[in-house]
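Student: Could you take me on a close look at one part of this model, the loop with the annotated positions, and then show me the strands?

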Amino acid sequence: DLEQKRYVQEIKTLLKQNNATLVAHYYTDPEIQALAEETGGCISDSLEMARFGRDCEADTLIVAGVRFMGETAKILSPEKTVLMPTLDATCSLDLGCPIEPFSAFCDAHPDHTVVVYANTSAAVKARADWVVTSSIALEIVEHLDSLGEKIIWGPDRHLGAYIAKQTGADMLLWQGECIVHDEFSAKALNDMRHLHPDAAVLVHPESPASVVAMADAVGSTTQLINAAKTLPHKKFIVATDRGIFYKMQHAAPDKILLEAPTGGNGATCKSCAHCPWMAMNGLQAIHKSLTETSGHEIFVDDQLREKALIPLNRMLDFSA
Ligand code: CIZ
Ligand code: SF4
């Protein structure tokens, strides 16, 4: 509509005026991803968002995603101004893994290597030996396991259990979960599969093991987009945040993409396959972050930043 068009125009002008680049996650709403694409920014998973943000020439990064993504951008690019449409966009994994109990858990197992998911606070990253995202977690744990290392994994228990199963690594799991993926239901998916026997099932490994077990392909957002493009099937049932359909449909324009069912229905599911925090990144909020700045800027304490940079750089170097 008109209001939306006006915001888009003004944001484009403001991005230019401020030498700012918009970096958006696959789970943000389609109009945000389209805007990032049109303005020379990027749409990606958290690993590539971090790398792109670090390597681009902008003075200011607008990170449309959730809090940990803004913090990661600031840790990697302290010289850049990092703004977020809203600082209230958190993540159930981050919320479920406060630094004090997590640090105590690590202290109780000093012979373990601490591997944390990117979906964590700067303080938790600073306590870790490695940071990983879902696109690189399997390879890094495989590598550590081959060195004979025992692992503490946090915070996502489903992803941790999946990786432990795939690699056979010795892993102690923190018991966190993503409210979006945790709601996908094996029972409902089984019913849906009977209605679409020709469809392949694509699953993000933050989903419960019973759902992962039904998958034709398991992987990070980027890996699932590639699967939709390369698998021979014409139809896919996709178990991850529905924001992914924007990029997936562009990558595989002739394929039919269906949302995997959650256990609840519209009235009872908590997130209904769309992250409530990702959904806070609207056009109006982006506009506000560029005009008001204050209340939108990410700061990370210097000491924490230097500590968190070490495990983050380990991941980036490993995947380079
Ligand atoms: O669930 C998330 O927040 C994901 C998949 C983040 C990422 O690594 O892109
Ligand atoms: Fe966190 Fe899940 Fe939202 Fe990703 S989709 S930001 S893991 S709550």
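Tutor: Here is a walk from that loop to the ligand shell and on to the strands. This is a predicted model, in which local features need pLDDT of at least 70 and side-chain atom pairs count only at pLDDT 80 or more, while totals for chains, interfaces and linings use all residues. Residues are numbered from 1 along each chain as its sequence is written, and chains are lettered from A and ligands numbered from 1 in the order in which they are written.

Let's start with the record. An unreviewed UniProt entry lists several positions under "binding site", including His 25, Ser 134, His 204, Glu 206 and Thr 221; positions follow the numbering used here, feature names are shortened, and such annotations may be inferred rather than shown by experiment.

His 204 sits in the loop between β9 (200-203) and α11 (209-212), and Glu 206 lies in that loop too. Helices (H or I, at least four residues) and strands (E, at least two) are DSSP runs, numbered from the N terminus. Why does His 204 count as buried? Because it has 28 C-beta neighbours inside 10 Å, and the cut-off for buried is 20 or more other C-beta atoms within 10 Å of a residue's own, with exposed at 12 or fewer, partly exposed in between, and C-beta atoms placed from the backbone. Glu 206 is buried as well, with 28 other C-beta atoms within 10 Å.

Now for their partners, leaving aside neighbours within four places in sequence. His 204 is in contact with Ser 134, His 181 and Thr 221, among others, where contact is C-beta atoms, placed from the backbone, within 7 Å. Glu 206 also touches His 181, and its contacts include Asp 156 and Cys 178.

Cys 178 takes us to ligand 2, being among the closest of the 13 residues that surround it (C-beta atom, placed from the backbone, within 6 Å). That shell has 10 nonpolar, 2 polar and 1 charged residues; Ala, Val, Leu, Ile, Met, Phe, Trp, Tyr, Cys and Pro count as nonpolar, Asp, Glu, Lys and Arg as charged, and the others, Gly among them, as polar.

With 6 of its 6 residues buried, β1 (residues 20-25) is largely enclosed by the rest of the structure. β1 runs parallel to β3 (residues 60-64), joined by 5 bridges (pairing takes at least two DSSP bridges), and Thr 21 has Leu 61 as its bridge partner there.

Notes:
Two residues are in contact if their C-beta atoms, placed from the backbone, lie within 7 Å.
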